[in-house]
Amino acid sequence: MKQKVLAHLKALLDERMAVSWQAMEAAQASANEQSKSSVGDKYETARAMGQLDRDMFARQYEQARQERLVLERINEAEVLTRVALGSLVNTTAGQFFMAVSVGMVTLDGATVMAVSLASPIGKLLMGKGVGESFQFQGKTHKIEAIE
């Protein structure tokens, strides 16, 4: 299951990067195509808005690229006994994949929450082993398995 989740997240981030790149280029092209009009500042405003859009898409692309690099660091064949980057953690609170904060992913009928190590739940689980307990949302949960 860990390999499927990792492959799905990589594909998802690849798609986000492609969409952001295309949107960034379209915004840049739109800004470049604005021609001077006789309506005063309309030209400069349109160029500035196009540049702001381009910058926003560039940030989205860079974030997806950085998250993709995190996924590349994961050795999917590594057997982990403690929660670390790349762990698929089965708990009484659900399944968590410790990598990047993407949110809920459903594969083969199972729902997995992809979270970063810096997230609140990531910090709680980090370094724990099978059988250990943790407090989350006012309840005590237990780690049942680590893949």
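Colleague: Is Thr91 buried or exposed?

Modeller: Buried means under 20% relative accessible area, exposed over 50%, partly exposed in between (1.4 Å probe, protein chains only). Thr91 has a relative accessible area of 7%, so it is buried. This is a predicted model: local features need pLDDT of at least 70, side-chain atom pairs count only at pLDDT 80 or more, and totals for chains, interfaces and linings use all residues. Residues are numbered from 1 along each chain as its sequence is written, and side-chain values use heavy atoms, with hydrogens and water left out.

Colleague: What does the side chain of Thr91 reach?

Modeller: Think polar contacts: pairs of N or O atoms within 3.5 Å; within protein, one must be able to donate a hydrogen and the other to accept it, and residues adjacent in sequence count only if both atoms are side-chain atoms. The Thr91 side chain reaches the backbone nitrogen of Ala93 at 2.9 Å. It also reaches the backbone oxygen of Gly94, at 2.7 Å.

Colleague: Which residues does the largest nonpolar core hold?

Modeller: In soluble globular proteins, nonpolar side chains tend to be buried together. A nonpolar core is a set of buried Ala, Val, Leu, Ile, Met, Phe, Trp, Tyr and Cys residues joined through side-chain atoms within 4.5 Å. Here the largest has 20 residues. Those with the most contacts inside it include Val5, Leu9 and Phe97. Helix 1 (2-33) gives the most, five residues. Helices (H or I, at least four residues) and strands (E, at least two) are DSSP runs, numbered from the N terminus. A second, separate core of 11 residues includes Leu125 and Phe134.
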